[in-house]
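Trainee: Please show me how the features of a protein model are to be read.

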Amino acid sequence: MQILLSASKSVIHVIYLEAPFKFILKNKTLDLIENQKLKVNLELKGSNLPNEVFIRIADRDFLMSKAKSSDFYYYEFYNIKESFIFNFYSNGFSSKKYKI
């Protein structure tokens, strides 16, 4: 969701824009075994799909790899030692937050 703000004569207008696509986490679980690899799988559905998708962790964006199908992306984590919050981001739109 994008937020557009405009102001005139001390009135602020807030407009929420819905993404033309949906972020769909494909993993059945985000449980992990310490120091093991975890592959996060994402599917995009909708119109006007973006060319790039990022996984955002603590305000840092990491480019996800594109699978052979143009609607699927993945990112692999290695040697995870503690849980963290992440979400997906593309073209100014963000997904809900998830916890590993």
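This is a predicted model: local features need pLDDT of at least 70, side-chain atom pairs count only at pLDDT 80 or more; totals for chains, interfaces and linings use all residues.

Mentor: Residues are numbered from 1 along each chain as its sequence is written, and side-chain values use heavy atoms, with hydrogens and water left out.

Trainee: How many helices and strands does the protein have?

Mentor: Helices (H or I, at least four residues) and strands (E, at least two) are DSSP runs, numbered from the N terminus. The protein has 11 strands and zero helices.

Trainee: Is Glu 43 buried or exposed?

Mentor: Buried means under 20% relative accessible area, exposed over 50%, and partly exposed in between (1.4 Å probe, protein chains only). Glu 43 counts as buried because its relative accessibility is 9%. Of the 100 residues in the protein, 29% are buried.

Trainee: Where does Glu 43 lie, and which residues does Glu 43 contact beyond its neighbours within four places in sequence?

Mentor: Glu 43 belongs to strand β4, residues 38-46. Contact means heavy atoms within 4.5 Å. Setting aside neighbours within four places in sequence, the contacts of Glu 43 are Lys 22, Phe 23, Ile 24, Lys 26, Asp 71 and Phe 72.

Trainee: Where does Ala 19 lie?

Mentor: Ala 19 is in the loop between β2 (11-17) and β3 (21-25). Ala 19 is buried, because its relative accessible area is 19%. The C-alpha atoms of Ala 19 and Leu 49 are separated by 9.6 Å, and the two residues are 30 residues apart along the chain.
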